[in-house]
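Reader: Please take a close look at one strand and its partner, then at the aromatic pairs.

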Amino acid sequence: MRRLISACALCVAAACAQPGAPPGGPPDAAAPVLLSTSPDTNAIGVTADRIDFRFDEIIREGPASGQGSLPSFFVISPREGEVEVSWRRSRLEVKPDNGFRPGVTYTVTLLPGLTDLRGNRDSAQRTLVFSTGPAIDTSVLTGAIFDWVAGRPVPRGVVEAISLADTAARDSLIYFAVADSTGRYAVRHMRPGRYLMRGFIDQNRDFRHDRRELFDTATVTLADSLAREILAFSHDSAGPTINTVSVLDSLHLRVEFDRAIDPGQEITTELFVLQRADSAPVVILRADPGPVVEQRTADSLRAIAARDSMARAASLDSARRADSLQAAAAGRRPPSVRAPAPTRPGQATADSTPPLRPSRPSPFNAVVLRVGVPLVPEQSYRLTADSVRNMIRVPRTSTREFTIPARAAPDSTPPPPTAPPDTVPSRPR
């Protein structure tokens with residue numbers, strides 16, 4: 001028993017004598033640092049079947065809070081099946097499950113978000129380029145991807161370019177890129193040729209286009225470089241249906257559809273039929289896309305505001321001149337206008353760079369109708385929209401019944417009694 005205790009004591013003493021980090025000290029708040037990759041970037045004639053990423057500390061293997069699985073951080077272009085990642089503590093081995101083809105330039109992108117065991121997040125994006133052939137391909141597709149209906153760019157939108165030069169679809173090279181936070185993308189290191197482009201809004205972050213995700217396609221011929229705008233929208237096979245009918249005033253109705261209307265369809269009064277409850281027709285004098293009416297209203301309001309601003313400026317200028325003349329007559333110094341303080345070096349200023357906008361107007365889903373006679377309060381009507389087309393030109397006819405709201409009744413509550421203006425309350429004696 002004594003021998004066993006002595007052996008344990010020796011083991012504990014030996015363990016305590018081992019070198020290591022002293023207890024306590026400042027906590028590790030540094031993100032993992034990428035030390036090297038194998039192969040190196042811009043390498044040619046690569047024969048390896050995988051890529052090694054070496055870091056200065058252990059990378060978290062399982063998903064952390066807000067972090068996806070390890071394969072979700074790596075994008076390989078052209079795509080060769082799913083991405084496989086083997087965890088080796090501070091080293092990650094990355095490869096496509098179908099391997100690398102000979103004579104192809106590959107771009108491997110490490111997206112931001114990897115964390116260490118303490119949850120420190122790497123916010124940098126890194127790109128590795130190498131070729132399994134004798135040279136690096138240099139052709140590039142650039143542009144921006146938009147949610148066309150919303151009229152805004154899509155951060156982290158996905159863009160694919162499928163080569164049409166291959167004989168079998170399963171053998172086609174699929175080049176791949178993820179847009180940045182402003183919606184701009186660049187598919188680099190491509191071969192010249194014809195491609196089927198597809199850009200989509202990757203809602204579930206799996207880098208695969210799903211049926212419900214907005215997308216756009218185009219066929220392009222690439223030489224050295226090409227810029228292409230991608231306008232993603234829903235390719236729904238159902239035509240637009242009247243969703244709501246709102247009364248703007250006694251002569252105007254706003255008709256909202258459940259999906260966007262084909263921008264190439266001319267909006268005319270022939271598309272609409274308005275009837276009373278007894279089927280008597282109501283003449284429609286005008287039909288305008290909702291954005292046209294909204295823009296017209298905004299322009300009118302801006303013009304009124306500009307006139308008011310000019311009138312206020314003229315009034316202030318007249319008052320200032322009168323004050324100056326009065327001060328000069330009294331021998332006083334006229335009041336001065338304080339100049340704006342100069343901007344200090346490094347002081348933040350408003351960004352004058354406008355946000356990205358699609359080159360084509362956004363599709364709309366609302367139409368404003370002007371009728372020939374005032375709409376009757378509490379009267380029921382029926383509106384029919386005939387052959388209104390959706391974004392992929394599928395027509396549909398729909399009908400909606402609605403009732404004009406009653407006019408607000410005047411307030412019948414008598415006002416509180418007030419004393420005559422000349423009456424002075426008597427003081428108590």
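Author: Strand β3 covers residues 74-77. Phe 74 and Ile 76 point one way, Val 75 and Ser 77 the other. All are buried, meaning under 20% relative accessible area, with exposed over 50% and partly exposed in between (1.4 Å probe, protein chains only). In a regular strand the side chains alternate between the two faces of the sheet. Strands here are DSSP runs (E, at least two residues), numbered from the N terminus.

This is a predicted model: local features need pLDDT of at least 70, side-chain atom pairs count only at pLDDT 80 or more, and totals for chains, interfaces and linings use all residues. Residues are numbered from 1 along each chain as its sequence is written, and side-chain values use heavy atoms, without hydrogens and water.

β3 pairs with strand β6 (residues 105-110) in the antiparallel sense, over four bridges. Pairing takes at least two DSSP bridges between two strands. Val 75 has Thr 109 as its bridge partner in β6.

Now the rings. The whole structure holds eight aromatic pairs. Rings of Phe, Tyr and Trp (its six-membered ring) pair if their centres lie within 6.5 Å; planes under 30 degrees apart are stacked, over 60 edge-to-face, the rest tilted. Tyr 175 and Tyr 195 have centres 5.9 Å apart and planes at 75°, so they are edge-to-face. Tyr 175 sits in strand β11 (residues 174-178) and Tyr 195 in strand β13 (residues 193-200), 20 residues apart. Tyr 175 is buried at 0% relative accessibility. Tyr 195 is buried at 2%. Tyr 381 and Phe 402 have centres 5.9 Å apart and planes at 20°, so that pair is stacked. Ring pairs also link Phe 100, Tyr 106 and Phe 130 into a cluster.
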